[in-house]
Amino acid sequence: MTTRLCTKLLTDLTITRRKLHTTSSLSCIFRRDPKSGYKTIYDKPPPEQELSILDKMRMGYKQFKVELGLLKEEIKERFRNDPIFIYRQDEVDVLWRFKGDPKSLEQWVVTCDSDYNEGYSIAKLDMSSNGTGVFSGMLNTRLPKDGKIKRAGYCNFNSIPKRKSFMREVYHDWSPYTHLVLHIRGDGRCYTLNIATKGIFDLTWQDMYHYPLHTRGGPYWQHVRVPFSKFVFASKGRLQDMQMPLTQHDISSFGITLADDLSGHFRLEIDYIGLEYDRFHKEEFAYESYDVSDIRF
């Protein structure tokens with residue numbers, strides 16, 4: 001009886017192994033789908049924008065040459081890598097500086113409510129005669145007459161997410177620093193600094209940290225130092241009861257928004273945006289966090 005049982009188990013295992021199919025590894029480029037295969041009607045391009053197979057092959061060949069060039073530069077950077085071991089006091093590491101180069105504007109994307117038919121604001125990001133970036137436009141709080149939108153009037157410019165060759169995602173690592181530094185010349189209005197962090201799950205894709213940027217009007221430049229511990233946690237524009245400190249090792253993008261509910265022209269001139277390490281700053285997080293799990297209604 002024991003022999004028959006062992007024979008049956010071996011036969012079952014053999015049948016099970018025969019059902020397992022393995023394939024050799026493919027040397028192709030894999031691009032992870034953030035939605036895990038779930039598509040909507042908005043993800044499919046309209047029929048007039050669909051390309052033929054030959055056109056797709058041509059575009060893919062051109063893009064392949066560009067990505068190979070980026071990969072070559074990454075390999076060179078890897079061999080001549082010069083890591084920073086010492087972060088000096090009061091020394092600013094510049095992340096974004098316009099330098100009078102129009103190509104620096106390609107690192108940013110400008111949006112406002114009129115882009116989505118949700119308002120009438122206008123915004124743009126240009127280069128000034130001094131070689132600095134100028135975020136300007138017209139903020140309009142007038143509501144569209146559709147009966148759905150209850151609040152309008154915002155303008156924003158945001159950094160394009162950082163990527164390596166072949167569209168590989170990579171995040172900014174700001175963990176060695178304590179302060180965000182901006183050299184700006186404002187118009188007296190109150191802007192908002194936005195730092196976005198994108199986690200693994202789609203529930204965290206809308207997580208963002210904010211801090212108000214109060215500008216001074218007039219011809220003088222303003223040096224702004226904001227500790228990362230002062231940023232407040234929000235999701236989809238709403239402050240959260242469960243506050244948590246900024247995770248500085250997975251920063252996906254940085255942006256500045258104007259939504260002070262005051263219609264009129266605005267102008268914000270930016271010289272550079274950088275990071276600074278202050279060894280005397282010991283604060284980890286400046287706000288309290290409320291545990292709402294024990295609250296009974």
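**A walk through the predicted model**

On the surface, I53, L54 and M57 form a nonpolar patch whose accessible area together is about 350 Å². A patch takes residues with over 30% relative accessible area and no salt bridge, joining nonpolar side chains (Val, Leu, Ile, Met, Phe, Trp, Tyr) within 5 Å and like charges within 9 Å. A salt bridge here is a side-chain nitrogen of Lys or Arg within 4 Å of a carboxyl oxygen of Asp or Glu. The areas come from the Shrake-Rupley method with a 1.4 Å probe, and for residues only the protein chains shown count as cover. L54 belongs to helix α2 (residues 53-79). Helices (H or I, at least four residues) and strands (E, at least two) are DSSP runs, numbered from the N terminus.

This is a predicted model, in which local features need pLDDT of at least 70 and side-chain atom pairs count only at pLDDT 80 or more, while totals for chains, interfaces and linings use all residues. Residues are numbered from 1 along each chain as its sequence is written, and side-chain values use heavy atoms, with hydrogens and water left out.

R238 is found in strand β11 (residues 238-239). R238 counts as exposed because its relative accessibility is 63%; the cut-offs are under 20% for buried, over 50% for exposed, and in between for partly exposed (1.4 Å probe, protein chains only). D207 is 31 residues from R238 along the chain, and their C-alpha atoms are separated by 9.8 Å.

Next come the aromatic rings. The whole structure has 10 aromatic pairs. Rings of Phe, Tyr and Trp (its six-membered ring) pair if their centres lie within 6.5 Å; planes under 30 degrees apart are stacked, over 60 edge-to-face, and the rest tilted. F135 and F266 form a tilted pair, because their ring planes are at 55°, with the centres 5.1 Å apart. This pair links distant parts of the chain, since F135 is in strand β4 (residues 133-139) and F266 in strand β13 (residues 264-276), 131 residues apart. F135 is buried at 0% relative accessible area, and F266 is buried at 3%. Ring pairs also link F135 and F266 into a cluster with W96, W108, F157 and F254.

A disulfide is a covalent bond between the sulfur atoms of two cysteines. With a cut-off of sulfur atoms within 2.5 Å, the structure holds zero disulfides. For C112, the nearest cysteine sulfur is that of C155, 5.1 Å away. C112 is buried at 4% relative accessibility, whereas C190 is partly exposed at 27%.
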